[in-house]
Amino acid sequence: MPFDLLTTVETGGCSSKIPPRQLEELLARLPLPVDPKILVDISTHDDAGVYKISDQMALVLTTDFFPPLVSDGYEFGLIAATNSISDIYAMGGTPLLALNIMMFPSSAIPLEVYSEILRGGYDKAHEAGVSIIGGHSIDDYPPKYGLAVIGMVHPDRIITNAGAREGDVLILTKPLGTGIILAGHRLKMTTPEQLEAVKLLMMRLNNEGARLMQKYNVRGATDVTGFGLAGHALKMARGSGVTMTLNMSAVPLADGAYSLAEQGCIPGAAFRNLDYTERETRFAEGLDYSLKMIAHDAQTSGGLIMAVAPEKAGELLDELHSSGHPEAAVIGVVEAKGDAALVLR
Amino acid sequence: MKTVDTRGLVCPAPLIKTRQGLTEASPDETVQILIDNPTSLSNVKRYLADNKLEFAVREEGDLAIVTVTRGAGGEISINETEYCTTDIPQAPSGSRNTVVAITSERMGSGDDELGTKLMVSFFRTLVLVEPAPASVVFYNAGVKLALDDSPVLEHIKELKERGTGIYLCSTCINHFGIKDRLPVGSFSDMYQILNLLKDADHIIRP
């Protein structure tokens, strides 16, 4: 019987983030480095930092790691690496190199699990064209794994939280519900097929999304992770100085997510995210409660939210559908800034 | 009365059992939920409030007993604002975009002693104003009003407790070398300060 990584944790993946409101307060106390070559820093709450090397090239840097969210070491490695690399894609970049970050209790878990996790990381990095050229491990319980990744992007083609424009249409590339399905799985409320489907979603690279964003000249995007669709959309709306309206009934959902939410299977992270968004969000009268909570479900290795000019949205959507993102959908619009930065209806 | 025992369960299981219990109980039956961890308690309370169910909480040591009383059909109109003020601190909507900019230690100019008195009086009055402002931004010599020996420190803390954001200009703090003497507020760069002022509906500058 292989070792079950889920026995080491109560929550995993991006559900394990520090509550967003507290994090913002803590980060606001740090002095921001001042350097004209820093093109993107944490002040806009972006996915990765960007540093200009020349007029032709900028480096994109990011890191992400978390405790297990699936039982199998190899699958955990695949998902953690996909999630780490995703921040490079969310900035419109091409990932190049990575370092492993591993915390592993060598006395508590068989060491084969360690090598399985790393094997997953290497395989996913290879698929993304990324070379892992080093890393660091420490003894710690429960285990945690992820990558620090460097990518590159043309300085004029950086895609940020601040790049959404009034009139743009919002596209989401992956269905929501990974947090809810994973929580449901731990309570034995999901079918094996439902679990398998969200694992595949979490292992799906956002590389095609990044490529198509550059092709269609998208300038505003982010990936959906621990703060949920609503949290990340809010950060984008704030960064861009606009109001985003999301039509929750158009949002693609992982199979089983809605019925689990309906039964009260709503992970604590969703409530934390709601605490974060509600001051700047208007929830339309009659918004379905389960959809409202799904909008706040913490996603691990989620899809991209892209703000695209309306005349290009149809073509971009078609190409996403034929490039491994069959569930991609138009989920909302970008409007001039109103009294709430985010509207869910 | 139906009892839902969630002791020993972690999130979201207590919520699922709560939901299940509410579905199974007859429409006007009272449902009692036993919860022994604070996170689940807070989420269950939030869930009940969001779904407009009336409830009361009694805490006995580590155990919380949530009693949900329902009328016919399970649909009860409750005093929603009560939950909003006790469980879910929210800025009252009218205050959302009022920003107070404190740019000096004194209110107005002319007589320094008078200016100091006026500023103290300004803060004493500001905490009484309904709704509380969305944020107070301190810059230039204004940051000194947030010092640990400031005559208005208590009022600033009170504003923060009422949900007002307290923002201190980090460049100014470094300039005066007072970084270690600021018990309350977030350090903010120009980007954040500018955004706060830019997005304000009203700016009050005493």
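# Exercises on strands, helices and contacts

Strand β3 (residues 58-66) and strand β6 (residues 144-153) of chain A form an antiparallel pair, joined by 9 bridges. The model is predicted. Keep it open as you work.

## Exercise 1. The sheet of chain A

Find A:L61 and name its bridge partner in β6(A). Then place β3 and β6 in the order of the whole sheet.

**Solution.** 

Step 1. Start at A:L61 and look across to β6(A). The partner is A:I150.

Step 2. Widen the view. The sheet of chain A has 6 strands and is open. The strand order is β1-β2-β3-β6-β4-β5.

Step 3. Go to the edges. β1 (38-40) and β5 (131-138) of chain A each pair on one side only.

Step 4. From one strand to the next, the average is 20°.

Step 5. Look for a helix on these strands. α2(A) lies across β3, β4 (94-103) and β6 of chain A. Its angle to β6(A) is about 30°.

## Exercise 2. Two helix pairs in chain A

Describe how α2(A) packs with α3(A).

**Solution.** 

Step 1. Decide what to report. Two packed helices are described by the angle between their axes and the distance between the axes.

Step 2. Take α2(A) and helix α3 (residues 111-127) of chain A. The angle is about 40°, and the axes are 7 Å apart.

Step 3. Classify the angle. Angles under 35 degrees count as roughly parallel, and 65 to 115 as roughly perpendicular. α2(A) and α3(A) are therefore oblique to each other.

Step 4. α2(A) and α3(A) make a right-handed crossing.

Step 5. Find the contact residues. Those of α2(A) include A:F76, A:L78 and A:A81. Those of α3(A) include A:V113, A:I117 and A:L118. By class, this contact has 9 nonpolar, 5 polar and 5 charged residues.

Step 6. Roughly antiparallel needs an angle over 145 degrees.

Step 7. α4(A) brings A:T178, A:I181, A:L182 and A:H185. α5(A) brings A:Q194, A:L195, A:V198, A:L201 and A:M202. This contact divides into 6 nonpolar, 3 polar and no charged residues.

## Exercise 3. The domains of chain A

Which element gives the most to the side of domain 1 of chain A that touches domain 2 of chain A?

**Solution.** 

Step 1. In the domain assignment, domain 1 of chain A is 5-157 and domain 2 is 161-344.

Step 2. Locate the centres. Taken over C-alpha atoms, they are 20 Å apart.

Step 3. Count the contact residues. Domain 1 of chain A gives 29, and domain 2 of chain A gives 36.

Step 4. Sort the domain 1 side by element. α1 (20-28) and α2 (73-90) of chain A each supply at least two residues. α2(A) gives the most, with 10 residues.

Step 5. Sort the domain 1 side by class. There are 12 nonpolar, 9 polar and 8 charged residues.

## Exercise 4. Chain B and its partner

Describe the sheet of chain B. Then find which element gives the most to the side of chain B that touches chain A.

**Solution.** 

Step 1. Read the strand order. 5 strands form an open sheet, β8-β7-β6-β5-β9, with parallel pairing. The edge strands are β8 and β9 (202-204) of chain B.

Step 2. Check one pair. β5 (residues 98-102) of chain B and β9(B) run parallel, with 3 bridges between them. B:T98 faces B:H202 in β9(B).

Step 3. 23 residues of chain B contact 20 residues of chain A. On the chain B side, α1 (13-24), α2 (38-50), β8 (186-188) and α7 (190-198) give two or more residues each. α1(B) gives the most, with 5 residues.

Step 4. Sort that side by class. It has 9 nonpolar, 9 polar and 5 charged residues.

Step 5. Finish with α1(B) and α2(B). Their axes come within 9 Å and cross at roughly 40°. The crossing is right-handed.

Definitions and conventions. Residues are numbered from 1 along each chain as its sequence is written. Chains are lettered from A and ligands numbered from 1 in the order in which they are written. This is a predicted model: local features need pLDDT of at least 70, side-chain atom pairs count only at pLDDT 80 or more; totals for chains, interfaces and linings use all residues. Two residues are in contact if their C-beta atoms, placed from the backbone, lie within 7 Å. Helices (H or I, at least four residues) and strands (E, at least two) are DSSP runs, numbered from the N terminus. Ala, Val, Leu, Ile, Met, Phe, Trp, Tyr, Cys and Pro count as nonpolar, Asp, Glu, Lys and Arg as charged, and the others, Gly among them, as polar. Domain bounds come from an automatic or database domain assignment. Axes are lines fitted to C-alpha atoms, for helices over the stretch in contact, and angles run from 0 to 180 degrees between N-to-C directions. A crossing is left-handed if the near helix is turned anticlockwise from the far one by less than a right angle, and right-handed if clockwise. Two strands pair if DSSP finds at least two bridges between them.
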